[in-house]
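Subject: Structure for your records

Dear colleague,

Please find the structure below, together with its sequence. I would be grateful if you kept it open while reading the notes that come after it.

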Amino acid sequence: MEFIKCSSEQRNAVCEMYAQTVKALEENINYPKWSKDHPSVEYIDESISRGELFACIENGEILGAVVLSENPEGSYELGDWKVDLERGEYLVVHTLATDPSHQHKGVGSCLVDGCIDYANANGYKAIRLDVVPENIPAVKLYEKKGFTYAGTKDLMRNIEYIPCFDLYELNM
């Protein structure tokens with residue numbers, strides 16, 4: 001498996017992977033509370049154009065994807081962070097997903113390891129993220145990779161069905 005920055009050539013495959021992920025979530029337990037509106041095609045296009053969309057691939061197939069951004073998309077200053085950092089000194093993980101047909105094969109680990117390697121290679125001091133508190137699979141993955149809990153907060157995103165998020169960080 002290889003961790004790559006996605007280009008426009010991977011757009012359709014990434015969109016299809018996210019669509020399959022949302023479908024599987026809706027048919028089972030929708031831990032992150034995603035819908036066909038999130039992650040949207042526009043969000044994926046914007047992430048690719050900003051150079052923020054990454055994927056784990058094998059033999060040219062998209063196995064999973066993640067957005068790595070300096071934008072927390074919410075009030076991250078409310079977190080109980082161990083290290084006081086300014087925006088731009090840390091990366092934020094968004095919309096990490098594994099293709100349902102490739103779950104339990106190390107794709108999530110590949111994605112998180114790729115995020116860590118990218119952050120280290122580019123001089124970031126930490127990686128931060130937020131997760132829906134009920135998203136136990138994601139929490140287990142992040143904690144396994146060394147992320148620590150930084151509080152449960154209302155990030156002022158005004159998402160009625162997700163009033164608060166659990167925050168996690170990995171300091172470099």
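The notes below describe the overall fold and then a few individual residues.

This is a predicted model, in which local features need pLDDT of at least 70 and side-chain atom pairs count only at pLDDT 80 or more, while totals for chains, interfaces and linings use all residues. Residues are numbered from 1 along each chain as its sequence is written, and side-chain values use heavy atoms, with hydrogens and water left out.

Overall fold

The protein chain contains four helices and seven strands; these are DSSP runs numbered from the N terminus, with helices being H or I of at least four residues and strands being E of at least two. Their order along the sequence is β-α-α-β-β-β-α-β-α-β-β. The C-alpha trace spans about 40 × 35 × 30 Å along its principal axes.

Of the 172 residues, 48% count as buried. Buried means under 20% relative accessible area, exposed means over 50%, and partly exposed lies in between, with a 1.4 Å probe and protein chains only. Among contacts (heavy atoms within 4.5 Å) with a separation of 6 or more, 70% join residues 24 or more positions apart.

Individual residues

L111 is located in helix α3, residues 107-121. L111 counts as buried because its relative accessible area is 0%. Apart from neighbours within four places in sequence, the contacts of L111 include F3, A55, C56, V66 and L96. C56 is itself buried, at 0% relative accessibility, and C110 is buried too, at 14%. The number of disulfides is zero, a disulfide being a pair of cysteine sulfur atoms within 2.5 Å.

Two residues deserve attention for their backbone angles. Most residues other than glycine have a negative phi. N59 is not a glycine, yet has a positive phi of about 50°; N59 sits in the loop between β2 (53-58) and β3 (61-69) and is exposed, at 82% relative accessibility. T95, also not a glycine, has a positive phi of about 45°. T95 belongs to strand β4, residues 90-98, and counts as buried because its relative accessibility is 10%.

Yours sincerely
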